[in-house]
Amino acid sequence: MGAVTEADRAPKQDRSRATRQRLLEAAVACLAEHGWTGSTVTVVAERAGVSRGAAQHHFPTREDLFTAAVEYVAERRSEALRGLFPEGARAADRGAVVAALVDLYTGPLFRAALHLWVAASNEPQLGPRVAELEARVGRETHRIAVELLAVDESRPGARETVQGLLDMARGLGLANLLTDDAPRRDRVVRQWGLLLTETLG
């Protein structure tokens, strides 16, 4: 039997990456739709179109799967946010940056993350991992916001203003879980854009 070549390995690695990505996307969708209780590895594997064994090959435990899934989509959303403003944001664009940040907290990712937070509060094995993940995602989102808004954090109150913006966006995301109040949300976003211009210069 011949030796395995690099050419042979590449398609196998590509398939493995594709399977992993399908599992992560299926896990986020299941968590957003069914919550923690209804999102088992078996349910995710079926949705991804792979065997339960293949799922466990990539993610040995349920906790591994779901923390990786939320992190995966969080990274993709951060990339998408950067992609909206590839040259950075001008002062006149701050309203658009605020709207884009709010969008981060009103989609299926945030809904899935909320289910994970609730589960983590009752699952000792999950709690520390989710806390670490959320701290990392929070730092990255804050850093991107500072960069896109061209904020000088050495100015008194600037850091707190950005953090307040992110807290507000998270609050709007929570409200959106119960009812789609887009007109009110749009007014709040516009007002925050004006406040940021006045506060940050």
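## Salt bridges between helices

A salt bridge is taken here as a side-chain nitrogen of Lys or Arg within 4 Å of a carboxyl oxygen of Asp or Glu. The model is a predicted one, in which local features need pLDDT of at least 70 and side-chain atom pairs count only at pLDDT 80 or more, whereas totals for chains, interfaces and linings use all residues. Residues are numbered from 1 along each chain as its sequence is written, and side-chain values use heavy atoms, with hydrogens and water left out.

The structure holds 7 salt bridges, one of which brings together the side chains of glutamate 33 and arginine 47 at 2.9 Å, N to O. This pair links distant parts of the chain, with glutamate 33 in helix 1 (residues 6–34) and arginine 47 in helix 2 (residues 41–48), 14 residues apart; helices are DSSP runs of H or I with at least four residues, numbered from the N terminus. Arginine 47 is partly exposed at 42% relative accessibility, on a scale where buried means under 20% relative accessible area, exposed over 50% and partly exposed in between, with a 1.4 Å probe and protein chains only.

Another salt bridge joins the side chains of arginine 136 and glutamate 71 at 2.2 Å, N to O. Because arginine 136 lies in helix 7 and glutamate 71 in helix 4, the pair ties together parts that are 65 residues apart in sequence. Both residues are partly exposed, arginine 136 at 33% relative accessibility and glutamate 71 with a relative accessible area of 23%. Glu71 and Arg136 also belong, with Glu132, to a network of salt bridges.

## Histidine 142 and its surroundings

Histidine 142 lies in helix 7 and is buried, with a relative accessible area of 6%. Its side chain makes a polar contact of 3.0 Å with the side chain of glutamate 153, a polar contact being a pair of N or O atoms within 3.5 Å, where within protein one must be able to donate a hydrogen and the other to accept it, and where residues adjacent in sequence count only if both atoms are side-chain atoms. Leaving aside neighbours within four places in sequence, histidine 142 is in contact (heavy atoms within 4.5 Å) with Glu153, Arg159, Val162, Gln163 and Leu166.

Arginine 159 is partly exposed at 45%, as is glutamate 153 at 33% relative accessibility.

## The loop at serine 154

Serine 154 lies in the loop between helix 7 (127–148) and helix 8 (158–178), where this residue is exposed, with a relative accessible area of 60%. A polar contact of 2.6 Å joins its side chain to that of aspartate 152.

## The largest pocket

The largest pocket has a volume of about 250 Å³. On a 1 Å grid over the protein atoms alone, a pocket is an open set of points with protein on both sides within 12 Å along at least five of seven lines, and lining residues have an atom within 4 Å of a point; the points, where a 1.4 Å probe fits, are joined across faces, edges and corners, and the volume is the space filled by probe spheres set on them.

The lining comprises 15 residues, of which Tyr105, Leu109, Glu134, Val137 and Thr141 lie nearest the centre of the pocket. Helix 4 (62–84), helix 6 (108–122) and helix 7 are the elements that give two or more residues to this lining.
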